[in-house]
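Here is a short report on one protein chain. Keep the sequence and the 3D view side by side as you read.

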Amino acid sequence: MQVYLTKLMIINLILFFILLSKILTTSNISLAGSQWVCDLKKIGFATNAYSKYNSINELMLYTFSSKSAFYIKDRILVENKNAQTETAELLFVGKYVLEGNNLSMTFNDVIFKKKHSDDVINNDQLLYKGFSIDYKIERKGNFLYFYSANNSEVFNHICWMH
């Protein structure tokens, strides 16, 4: 009987340490109530529609206003080949689901505060309405890393806490 109890105690200890290591290594990221600043620069455009531009810089403020709602204030600075700049400002509104480090974001609305003079840029932003994207996220200190779950490099980015 004593051998049986000793084996049972060892099994329970092993299970306890497995569970403890799982808890300690599982990332419990909470986004509700947080704000993150992201600065993305795009250069080297391949399409004719964008060939007149040197760069497009987006400064975004992600706000996760609850456990399921987010909005993003986006200021786009477009520089043409003559080094002249023009801005556009918009607001993305949507819902998100966070399970562990899996983040799914759905953009429900795109609201322009200031449109760009080039409709191609405006129309590209409107494409986000109804768009969903899945990320793997990782938080390290004051930085939040967004990795596209479908391995699309174009959506990967790093933000810092506001």
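Tryptophan 160 lies in strand E8. Helices (H or I, at least four residues) and strands (E, at least two) are DSSP runs, numbered from the N terminus. This is a predicted model, in which local features need pLDDT of at least 70 and side-chain atom pairs count only at pLDDT 80 or more, while totals for chains, interfaces and linings use all residues. Residues are numbered from 1 along each chain as its sequence is written, and side-chain values use heavy atoms, with hydrogens and water left out.

Is tryptophan 160 buried, partly exposed or exposed? Tryptophan 160 is partly exposed, because its relative accessible area is 35%. Buried means under 20% relative accessible area, exposed means over 50%, and partly exposed lies in between (1.4 Å probe, protein chains only). Together with Phe143 and Ile158, Trp160 makes a nonpolar surface patch of about 280 Å². Patches are made of residues with over 30% relative accessible area and no salt bridge; like charges are joined within 9 Å, nonpolar side chains (Val, Leu, Ile, Met, Phe, Trp, Tyr) within 5 Å. Accessible areas come from the Shrake-Rupley method with a 1.4 Å probe; for residues, only the protein chains shown count as cover.

Phenylalanine 143 has tryptophan 160 in E8 as its bridge partner. Strand E7 (residues 143-148) and E8 run antiparallel, joined by four bridges. Two strands pair if DSSP finds at least two bridges between them. On another side, three bridges join E8 (residues 157-161) to strand E1 (residues 34-43), again antiparallel. There, tryptophan 36 stands opposite methionine 161.

Now the whole fold. The chain has two helices and eight strands. Their order from the N terminus is α-β-β-β-β-β-α-β-β-β. The eight strands close into a barrel in the order E1-E2-E3-E4-E5-E6-E7-E8, with antiparallel pairing. On average, neighbouring strands of this sheet are turned by 30° against each other, direction ignored. Helix H2 (residues 119-126) packs on the sheet and touches strands E2, E3, E4 and E5. The direction of H2 makes about 140° with that of E5. Contact means heavy atoms within 4.5 Å. Axes are lines fitted to C-alpha atoms, for helices over the stretch in contact, and angles run from 0 to 180 degrees between N-to-C directions.

Alanine 83 is found in the loop between E3 and E4. Its phi is near 65°, a positive value in a residue other than glycine. Most residues other than glycine have a negative phi. Alanine 83 is exposed, with a relative accessible area of 52%.

The structure holds five salt bridges. A salt bridge is a side-chain nitrogen of Lys or Arg within 4 Å of a carboxyl oxygen of Asp or Glu. The table shows three of them.

| Lysine 42 | Glutamate 58 | 2.8 Å |

How does glutamate 58 count: buried or exposed? Glutamate 58 is buried, at 6% relative accessible area.
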